[in-house]
Amino acid sequence: MAEGQIRQSLSGFYDVMTDSGRLVRTRARGNFRNRKITPLVGDRVVIDAPNDREGYILEVKPRHNSLVRPPVANVDQAIVATAVREPVFSTNLLDRQLLALEIADIEPVIYLTKTDLLTAAEQDEFAKLADDYRKIGYHVVYTAEPFSAAAIQEVDDLLAGKVSVIMGQTGAGKSTLLNHVAPDLKLETGEISASLHRGKHTTRRVQLLEVAGGLIADTPGFSSYDTFSLDARELGKYFREFRRASVDCRFRGCVHVNEPGCAVKALVESGDILQSRYDNYLLLYQALKNQKPNYRKSEK
Ligand SMILES: Nc1nc2c(ncn2[C@@H]2O[C@H](COP(=O)(O)OP(=O)(O)OP(=O)(O)O)[C@@H](O)[C@H]2O)c(=O)[nH]1
Ligand SMILES: [Mg+2]
Ligand SMILES: [Zn+2]
C-alpha cells in the first residue's frame, strides 16, 4: 500500500505519483467504484501497487474542492486565460468564469492574452480594466508585450508549489502560454476550429503537468457558457466587492436590485463598482430567478 496523487487520467487508467516518487498506473477497484466516487486528477489516493504497471486505487481521500471543467480536484488556483481579442473580449464571460470559481472556492488569477493585438489606446483601456479587477481583489497578469520576461517570471512565481488549472475559451492562448513558461511541454496549439473538431469520441486526457515548480492542468477550452445552479439570492456573495459593500445595505438579505438604501447600487453610481460588473450581476440574477427550482447543471 502507498499514498500518492493522481497525475493523469486516461481511458479508465489513473497514473498515481506516490509520495516516495514512483509513478504507478492504476485502475479503480470494482468494489470501490460501486461507491460511486469517480477518482479525479489531483485526488490524494491510497493504492495497492505490486508493480508500476498494475496498481489499484483503494481509497480516495476527502477533497478540498473540485472542478467539473476541467475535472480536477484539490486545486489551489485557476488561471483564467482571457483573450483581449480573438475570441472577442467580454466582461460577461470573464465574470461568469470568476463566479464559477468563487462557487467552487478556488482562487482565480486573471491572465490577459493577445495584448499585442491592441492599439495603444486599447492597451490603456485594458490596463485600466486590469487595475479595476485588482481593486476587486483579483491577481491580474497584464503585460503589453505577451510572454515578456517579466510576465513569465510572474507566472513562474504564481505556479510554484501549487496545484493550478488553466481555463478559458478555446483559442484564448492557454497552451501557448504554458509552452512559453515551459518550452519542453510542446503542447498542441493552433486554430480555434481544430479544437472544436475534437469530437466527443476523442479520449479526453486530463493531466497535471510539472511546470515551474508546481503542477498545472491544461485542458481544451470551451466554446459555450456553463450554467449555474444557485439560489439567486446567494449570487451577491460571490461578487467580492458586492459582498464587502452589502454590510452597508439598509436591508439584510438585500439582493441589490430594487431595494432602497442599497450600498452596492450607491457604489455603482459613484463609479466605485464597475457598471459592467453590476450589469453582468443583473443578467445572472434574472437568469437564476427564471430557473426552475430543481434545475440541474447542464453541459452544452
Ligand atoms: N497574437 C497572439 N496570438 C496568440 C497569443 N497567444 C496565443 N496566440 C494564438 O492563438 C491561437 C490559439 O492558441 P492556443 O494556445 O492553442 O489556445 P488554447 O487556449 O490552448 O485553445 P484550446 O486548446 O482550443 O482551448 C494560436 O494560433 C496561438 O498562436 C498572443 O499572445 N498573441
Ligand atoms: Mg490548448
Ligand atoms: Zn444592496
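Predicted model: local features only at pLDDT ≥ 70, side-chain atom pairs only at ≥ 80, totals over all residues.
Student: Where is Ser66 found?
Tutor: Ser66 belongs to strand β6, which covers residues 66–67.

Student: What is the relative accessible area of Ser66?
Tutor: For Ser66 the value is 34%, so Ser66 counts as partly exposed.

Student: Switching to the metal. What coordinates the zinc ion (ligand 3)?
Tutor: The zinc ion (ligand 3) is held by Cys249 (SG), Cys254 (SG), His256 (ND1) and Cys262 (SG), at 2.1 to 2.4 Å. The spacing of these donor residues in sequence is C-x4-C-x1-H-x5-C.

Student: What geometry does that site have?
Tutor: The site of the zinc ion (ligand 3) is tetrahedral, with angles of 106 to 115° among its 4 donor atoms.

Student: Is His256 buried or exposed?
Tutor: His256 counts as buried, because its relative accessibility is 2%. Cys249 also counts as buried, at 9%.

Student: Why does 9% make Cys249 buried?
Tutor: Buried means under 20% relative accessible area, and Cys249 is at 9%.

Student: Last one: where is Ala287?
Tutor: Ala287 is in helix α9, residues 275–289. Ala287 is partly exposed, with a relative accessible area of 39%. Ala287 and Ala232 lie 8.4 Å apart, C-alpha to C-alpha, and are 55 residues apart in sequence.

Methods. Residues numbered from 1 in each chain as written. Chains lettered and ligands numbered in written order. Heavy atoms only, no water. Donors = N, O, S within 2.8 Å, 3.2 Å for Na, K, Ca; no water. Tetrahedral: all angles 85-135°; square planar, octahedral: opposite > 155°, others 65-115°. Buried < 20%, exposed > 50% of the residue type's maximum accessible area, 1.4 Å probe, protein only. Helix = DSSP H or I, 4+ residues; strand = E, 2+ residues; numbered from the N terminus.
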